[in-house]
There are 2 protein chains.
Amino acid sequence: MSYQKLTKTFHRLAQLEHAGAMLGWDQQVMMPAKGNEARGEALAELSVLSTEIIQQPALADAFAAAEADADNLEPWQQANLREMREQWKKANAIPADLVEAKALTTNECEYAWRSLRPANDWKSFEPKLKKVFDLCREEAQALHSALNDEKGYVNAYEALLDIYDPGTRLSRVDAVFAELKTELPALLPQVMEKQRADGLPAVQQAPVDKSHQIALAKDIMATLGFDFDAGRLDEAAHPFSGGVSTDSRITTRYSDTNVVEGLMGIIHETGHSRYETGLNPNWRGQPVGQSMGMGVHESQSLFFEMQMGRSAPFIDAIAPKVQQHLGNDPAFQAENLRKLYTQVQPGLIRVNADEVTYPMHVILRYEIERDVILGDAEVSDIPELWNQKMKDLLGLDTTGNYKDGPMQDVHWPAGAVGYFPSYTLGAMTAAQMHAAMVRAVPDAPERVARLDLKPIFAWLSDNVWLKGRSLNYDDLMIEATGETLNSRYFLEHIRSRYL
Amino acid sequence: MSYQKLTKTFHRLAQLEHAGAMLGWDQQVMMPAKGNEARGEALAELSVLSTEIIQQPALADAFAAAEADADNLEPWQQANLREMREQWKKANAIPADLVEAKALTTNECEYAWRSLRPANDWKSFEPKLKKVFDLCREEAQALHSALNDEKGYVNAYEALLDIYDPGTRLSRVDAVFAELKTELPALLPQVMEKQRADGLPAVQQAPVDKSHQIALAKDIMATLGFDFDAGRLDEAAHPFSGGVSTDSRITTRYSDTNVVEGLMGIIHETGHSRYETGLNPNWRGQPVGQSMGMGVHESQSLFFEMQMGRSAPFIDAIAPKVQQHLGNDPAFQAENLRKLYTQVQPGLIRVNADEVTYPMHVILRYEIERDVILGDAEVSDIPELWNQKMKDLLGLDTTGNYKDGPMQDVHWPAGAVGYFPSYTLGAMTAAQMHAAMVRAVPDAPERVARLDLKPIFAWLSDNVWLKGRSLNYDDLMIEATGETLNSRYFLEHIRSRYL
């Protein structure tokens, strides 16, 4: 019976998460400005309530009893028990007042960031960001001291990483990042030279009305299996994918003059959405039924966007839809779209980066946030560290340009420290999974060329979506791809697409 | 300190209400169909959580201690303590199994009603409605026996009324309803005869595109002081006013061919919204800072819609805006709009009724539900009682027409018994307040004619909005209007507008 007591408790937590997810979506998509303070309070209270529920002392006995009786559980229930225990341990590591302080502080900092970033006002931003990082340090130390005995973290930053990407070790991150840091800067000039020689793409000539872009977006989303009876597409200043598994809310922003990148953003968010909505419905509301960490989540969006979406067969296949909705601008011809969607160019902005330079943006942030958490750097050092690393990794100067430098991302003001590595872990996971999918579905490129994508989605569903958290990350990778994560497939993908 | 413990608990309840209000708004305005099941679960869990919080045994001691120490509280805190206690007593009066049974039974009955009403199937509906009324009887008796010692209810129905309209006594309802029942049916033929003699209004000739209606609606809402940085206007199948005090969400539905009534609906919802957003911000999240009962809430929407919105100066003042946005259809000329907005015609449907006949719809329902709750009638008697009263009050025959008779409203299948009187109490409260406002702002009609409405809103703010629940209903009326509720101002208003 104790297992049932636990499932009931986690079901309740899932309902509070449902509320939080929807209030968060609303906050970014619908809410008028003056609603923000009360919304922040409501979200903070929901998170305090969740903390109280998962910290109730009676759960310790329930876990002990459930574990003593674990032999009588089905395998998926055993996995659920393991995941419940993991979440319980992590949640109990952080004191309730720290949870509340972080919710309020990040809400304030993120809100301020929205106007301070366009004003390039680092001076006003810095003290607010410092408060956030101070709380993240406390959080990291609390997690480290509570879990280190069973986890054996190398440091407190690894404890934060374990929140966003359960089971990912810093040793693996450092190993693959080191390879990327060696290989990619060497490839970059070769790729750019080749692209110059092949001729650069034409850019869109005339603005395209938003309504046509929406029609195209919905057409492509439907092609990618998005169910509009179980989700929505809306606008947000900072696009994200939200909602719950039965009601997926993806967002985008539209530019009249650059419709090409917007479409790829939507393909990306559709990948996140298919994962969330493709989770095992029998496990809904239970930890085992949740998506894996952020890295695996990002792998699904990047599988859609980078592996499939920017592949030549896919671009050629959707080019007629692009022209049908947006008109016959020469930029929308298939050959030009292929060039546009694979153009490599170092730039200041992470979210605009191509897949060759993107890992450098991530590595830069990872090194900075790790050092701040570990006390090897302070928030006041960030602009200088940023400038130096930008110069070293991408040869770009960001001096004094805070808004396109350390103020460009919402993650830090939102308190999501330890999150950035997942983008690049996701890119490598996507490449490794895509290679495995092609081995399993050998005619995949021809099918993509016909937009007959069902077997590809079926592979993802069987190997990732329906698995939820029933396996740990390493086992998920081994079952799906035959090996644990490594950088080989990503680097092969980059070489084969760009050289 | 116990007072602080209580305020913290009620602050937490307010945050759960915030979540529930926004999830409910989203469910009706944004949510795709397949999200409904999970949304229902989330909303149910929020309400179970709230019940657990307000029923926690430790609150009894906290109330005792806070009351012993009440002399050290500010007057508004004393009022807050009184309101907290009231809500706590009511929430604890009803056993948890009755709350659950009512939730399940009304859910089943309301769901069945959606298809049984269009099918005019009273036979299948009756047993389900009987179950609902049986539980409402139990609820009334539970409230009555728990609270009667301090409330001195005349019967169990009065305990239900006290849920929706705290402090309203049945003796007052009976007194004013008796006057309306005598006066209005006598006025009705005179009004209709006069309107026939004056010539009936022209109806809209051509459809008007929704975008123009939205532009007009927003223009009028802004004129009425709606702050679009603290609220939104959206579409819903069944318009309502929702959200929270810092973020008001009003909804409407648009008809291309009858834009006139839609606009008045928006003015009505704007009245509700100004009340909610005008509540005392220093008391936010506490019971003393909430709006009064349903009757006072309705009085604010009817002050906007009926007292001001359908007055000749207001209609004349907005007619140019109507024509600017919607075009020069003869129906949109000021004189015709005045006729359209004050047309009187007895009909079967409450929600379509004009302000002269509306009270008859309410009195009919009140008398029936009261008698069923008190055991003086049974659910099986309802159709015959309905027919008889419809004939007596409005001279209409509903024999066999259940769908436009006792099956037309969602209130009974939803278990909202004791709610109907608030519509007419609200209409009378609005008339009495409007008369008091005109005494305080003697040039109000001229100001309305210039759409210079600030002094009117200031009067409402000072006398109603900022008061929250710091006064009981009778004292609120005495401070605002010099006397307790009576029907004189409403009847004077009807005579002066319609005869």
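Between chain B and chain A of this predicted model, the salt bridges number twelve. One pairing across the two chains is that of Asp247(B) with Arg39(A), a salt bridge in which the closest N and O atoms are 3.7 Å apart. The interface to which these chains contribute involves 36 residues of chain B in contact with 36 residues of chain A. Together the two chains bury about 3100 Å² between them, and 53% of that area is on carbon and sulfur atoms.

Over all chains, the structure holds 90 salt bridges. Among them is a pair within chain A, where the side chains of Glu150(A) and Arg85(A) meet at 3.5 Å, N to O. This pair links distant parts of the chain, for the two residues are 65 residues apart. Glu150(A) belongs to helix α6 (residues 122-151) of chain A, while Arg85(A) belongs to helix α4 (residues 75-93) of chain A.

Two packed helices are described by the angle between their axes and the distance between the axes. In chain A, helix α11 (residues 294-309) and helix α16 (residues 421-440) have axes that come within 7 Å and cross at roughly 60°. That angle makes α11(A) oblique to α16(A), and the crossing in which α11(A) passes α16(A) is right-handed. On the α11(A) side, the contact is made by Met294(A), Gly295(A), Glu298(A), Ser299(A), Gln300(A), Leu302(A), Phe303(A) and Gln307(A). The residues of α16(A) that take part are Ser422(A), Tyr423(A), Gly426(A), Ala427(A), Thr429(A), Ala430(A), Ala431(A), Met433(A), His434(A) and Met437(A). Sorted by class, the contact of α11(A) with α16(A) has nine nonpolar, eight polar and one charged residues.

A further helix pair is found in chain B, made up of α11 (residues 294-309) and α18 (residues 454-463). Their axes come within 12 Å and cross at roughly 150°. With angles over 145 degrees counted as roughly antiparallel, α11(B) and α18(B) are therefore roughly antiparallel to each other. The crossing of α11(B) past α18(B) is right-handed. From α11(B), the residues Gln300(B), Phe303(B), Phe304(B) and Met308(B) meet Ile456(B), Phe457(B) and Leu460(B) of α18(B). In terms of class, this contact of α11(B) with α18(B) has six nonpolar residues, one polar residue and no charged residues.

In chain A, Asp397(A) lies in the loop between α15 (382-394) and α16. Once neighbours within four places in sequence are left aside, Asp397(A) is in contact with Leu348(A) and Lys391(A). Asp397(A) and Ala101(A) are 296 residues apart in sequence, and their C-alpha atoms are 36 Å apart in space.

Leu451(A), in the loop between α17 (444-449) and α18 (454-463) of chain A, has a phi near 55°, a positive value in a residue other than glycine. In chain B, the loop between α5 (96-116) and α6 (122-151) holds Asn120(B). Phi of Asn120(B) is near 60°, which is likewise a positive value in a residue other than glycine.

Methods: Residues are numbered from 1 along each chain as its sequence is written. Chains are lettered from A and ligands numbered from 1 in the order in which they are written. This is a predicted model: local features need pLDDT of at least 70, side-chain atom pairs count only at pLDDT 80 or more; totals for chains, interfaces and linings use all residues. Side-chain values use heavy atoms; hydrogens and water are left out. Axes are lines fitted to C-alpha atoms, for helices over the stretch in contact, and angles run from 0 to 180 degrees between N-to-C directions. Helices (H or I, at least four residues) and strands (E, at least two) are DSSP runs, numbered from the N terminus. Angles under 35 degrees count as roughly parallel, over 145 as roughly antiparallel, 65 to 115 as roughly perpendicular and the rest as oblique. A crossing is left-handed if the near helix is turned anticlockwise from the far one by less than a right angle, and right-handed if clockwise. Contact means heavy atoms within 4.5 Å. Ala, Val, Leu, Ile, Met, Phe, Trp, Tyr, Cys and Pro count as nonpolar, Asp, Glu, Lys and Arg as charged, and the others, Gly among them, as polar. Buried area is the accessible area (1.4 Å probe) that two parts lose on being put together, summed over both. A salt bridge is a side-chain nitrogen of Lys or Arg within 4 Å of a carboxyl oxygen of Asp or Glu.
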